[in-house]
Structures are given as C-alpha cells and as structure tokens.
Amino acid sequence: MLSRRFRGNLYSRVVIFGLVLVTTLAGTTACQKKPSQVVVYTSVDQIYSEPILDRFEEETGIKALAVYDVEAAKTTGLVNRLIAEKEQPQADVFWNGEFAQTLLLKERGILAPYTPEAAQDIPAVYRDPEGYWTGFAGRARVIVVNTEKLERDEYPDSIHDLTDSRWPGEQVGLAYPIFGTTATHAAALYAHWGPERAQEFFQEVRDADVRIVDGNSVVRDLVVKGELLWGLTDTDDACSAISRGEPVSLILPDQDELGTLIVPNSVALVADAPHPEAGKELIDYLLSPEIDQALIDSGWSHISLHSQIFSGCQEETEVKGMEIGLQAVYEQIKQAQEELREVFVR
C-alpha cells in the first residue's frame, strides 16, 4: 500500500503536470490563432503601397507578403491570377487602385463578405451593400487649366463646357473615353443620365471637335504646354503638374448639381483565404483615416472618403461627388465602351 506521503506527492505532481499541460496547450492554441502573415495582391504602384504595408507589419507584427501588378498587364493580370486560383486561393486581400475589376471579382465569386467597422462613416455609394468590398482613398475627375492662357473669371466649371461654343474645340482636351478613368467617367454618366442622354452628350463633344488624346497625362501635358487651354483629367495628373510648379490649376467640376466622379481605391477579402483573420486586420488598417491621410501625403490619392475633403496640392475643400452607386457605374461600362467606339471612330 502506498504511503500517505507518497500519495500526496504523486497527487501534487499530477496536478502540476496537468496545469503545465493545460497552459502549454492554451499557449499553443493562442499562437495558432494569432495571425502571422497576410498575402495581399495589389494593383497600387509599389512606390505607394509598399510603405503602407511595411507600416502595417511594424505596427501589428503580421508579415505582409505583397504581389504587385506587372506594369504591362496592369490590374488585369492580378484579376486573372485571382480567378485562376479560385479553387485554391493564395491571396487573402485584394487592394485595387480602382473599383471596376473588384466588382468583376465579386461577380465571379472570388470575394468573401466582410463589413469592417472602420468603414461605417464612408458614404454608402463607396461600399458594397453586401459587404464584399469597400472604397477608400479617392481620386477625382477634374478640369486642369493653363493659368497663363486663361484668367480666373474665364475658367470652365463643368463637363458641359466641353460642348460650349465659346471654347474652340481644338483647344479643349479629353482622353479617349474607352479606357481608364475617362471610360469610368463615361459609364457614370450613362448610369446617371441614362444611356440615350449620355450618348447624345458625347456626340455633342465629338461635334464640337474637342481634341481626343491618348490618356489623362497627355491632356495634362498639352495644357501645361499651352497647346490646350484646358481639359479633363484626374487629380493625380493635375497635382503632379502643380507640384512641379507648372502654370496650371485644377477645378472640381459640377459642384452645384451633378458632382464630379470620385474614383476610390477598393479593398476586399478573398473567399476561402488562407489567412482570413489577418486579411480582415489588414482591411481594417487600410480603411483607417490615418492611412487615408498617409496615401494623400504620398501623392497617391487626394480625397479621404471619411470626410470627402480634397487636399494634397491646392487649398483644402469639400468635394461633391456624383451620387451614383459604383455597382450602377460598373454595369454601364460595357455598353458605354461599345457605343462610344462608334461615336469616336479612330
């Protein structure tokens, strides 16, 4: 028979061993639950996105593994990769510099719903009602004018000025509205006015002999040179010229009624992501007002969707955006492109 003293020592050792085992298992479980890395596919230029991801890693301890777009393929390359990986996802988060391709991924079943608390003050037009994506850090469609060619009281203030006879058509510029943000802007007008009225407007632009060029940066450069009096472009193109001291200024168009198109970044959680909790943490981080401001400071964006304040290269001012949901814009892109190819035959 075991002595009472031995039984007591044995009992103590069993209790201690049990406590150690429980503690070890709890610690192991905690370690397993703590996210260690997140994989993000991003179309945002590495010069702008990498510092944000480095900052996230430093502040959270979660390693951010990024796959950047290839310049030749732009966003399309990453989108095709996500579609190809649908059955065995490699990415946790898709951070897109625009929104149309993100909505395509939702349509293809590539994304998972997630409604971050950090997005509650972002206007509903920049959020998916089902939580599949969220917009943040916007750029806007703006008018850029040559300040040496025009006096302030001569500045245009609306996209309707494209068809105003007081402007010689060859001295006003617009990027070919089949690609990029100009195509997105056209689709927004299709969604807002309806296809018939929007097509009529672009036919009027064509009939006014507005100079159609190969991109927003070309519009900006021709305005800088004085070959155009003014043209439509994006805030990033206009602000880059202003920061270099070029003789240009920008105007936010249609602030009385229509509003201007704001093109946000978008972020989404990938369905069946390998590290979903880390993915959600990164999404929360990107949607914070502090990161909005960091992207403005870097020159990537110019409008915080938390406040809809334009800043970064001119005096801060509130922006009236077009009150049209991004889903409605996305649904008009194909029709707008097809019809405007006929209007602007090249």
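Q: What does Arg220 touch, not counting residues up to four places away in sequence?
A: Arg220 touches Val144, Asp237, Ala238, Ser240, Ala241 and Arg244, where contact means heavy atoms within 4.5 Å. The model is a predicted one, in which local features need pLDDT of at least 70 and side-chain atom pairs count only at pLDDT 80 or more, while totals for chains, interfaces and linings use all residues. Residues are numbered from 1 along each chain as its sequence is written, and side-chain values use heavy atoms, with hydrogens and water left out.

Q: Where is Arg220, and is it buried or exposed?
A: Arg220 is placed in helix α7, helices being DSSP runs of H or I with at least four residues and strands runs of E with at least two, numbered from the N terminus. Its relative accessibility is 11%, and buried means under 20% relative accessible area, exposed over 50% and partly exposed in between (1.4 Å probe, protein chains only). Arg220 therefore counts as buried.

Q: What makes the pair Arg220 and Asp221 a polar contact?
A: The side chains of Arg220 and Asp221 are joined at 3.0 Å. The cut-off is a pair of N or O atoms within 3.5 Å, one able to donate a hydrogen and the other to accept it within protein; residues adjacent in sequence count only if both atoms are side-chain atoms.

Q: Which residues of helix α8 are buried, and what do they pack against?
A: In α8, residues 235-243, the buried ones are Thr235, Asp237, Ala238, Cys239, Ala241 and Ile242. They pack against β5, α7 (216-225), β8 (230-234), β9 (248-251) and β12 (309-310). Gly245, with a positive phi near 80 degrees, follows α8.

Q: How do you know that Cys239 and Cys313 form a disulfide?
A: Their sulfur atoms are 2.0 Å apart, and a disulfide is a pair of cysteine sulfur atoms within 2.5 Å. A search of the whole structure finds 1 disulfide.

Q: Why is the disulfide of Cys239 and Cys313 given its handedness, and what does the pair tie together?
A: The torsion about the S-S bond is about -50 degrees, so the disulfide of Cys239 and Cys313 is left-handed. Cys239 lies in α8 and Cys313 in the loop between β12 and β13 (317-318), so the pair ties together parts that are 74 residues apart in sequence.

Q: Are Cys239 and Cys313 buried or exposed?
A: Cys239 has a relative accessible area of 6%, so it is buried. Cys313 has 18%, and it too is buried.

Q: How do you know how helices α6 and α11 are arranged?
A: The axes of α6 (residues 195-207) and α11 (residues 326-343) come within 11 Å and cross at roughly 35 degrees. These axes are lines fitted to C-alpha atoms, for helices over the stretch in contact, with angles running from 0 to 180 degrees between N-to-C directions. The crossing is right-handed, meaning that the near helix is turned clockwise from the far one by less than a right angle. Pro195, Gln199, Phe202, Gln203 and Arg206 of α6 make the contact with Gln332, Gln335, Glu339, Leu340 and Val343 of α11.

Q: Where are Ala137 and Asp272, and is each buried or exposed?
A: Ala137 is in strand β5 and, at a relative accessible area of 0%, is buried. Asp272 is in the loop between β10 and α9 (276-286) and, at 66%, is exposed.

Q: Why is Leu269 classed as it is, and what is it in contact with?
A: Leu269, in strand β10 (residues 262-270), has 5% relative accessibility and therefore counts as buried. Leaving aside neighbours within four places in sequence, its contacts are Asp92, Leu111, Ala112, Tyr114, Pro276, Gly279, Lys280 and Ile283. Leu269 and Ile110 are 159 residues apart in sequence and 8.9 Å apart in space, C-alpha to C-alpha.

Q: What is the make-up of the chain as a whole?
A: The chain has 11 helices and 13 strands, and buried residues make up 50% of its 346 residues. Among contacts between residues at least 6 apart in sequence, 75% join residues at least 24 apart.
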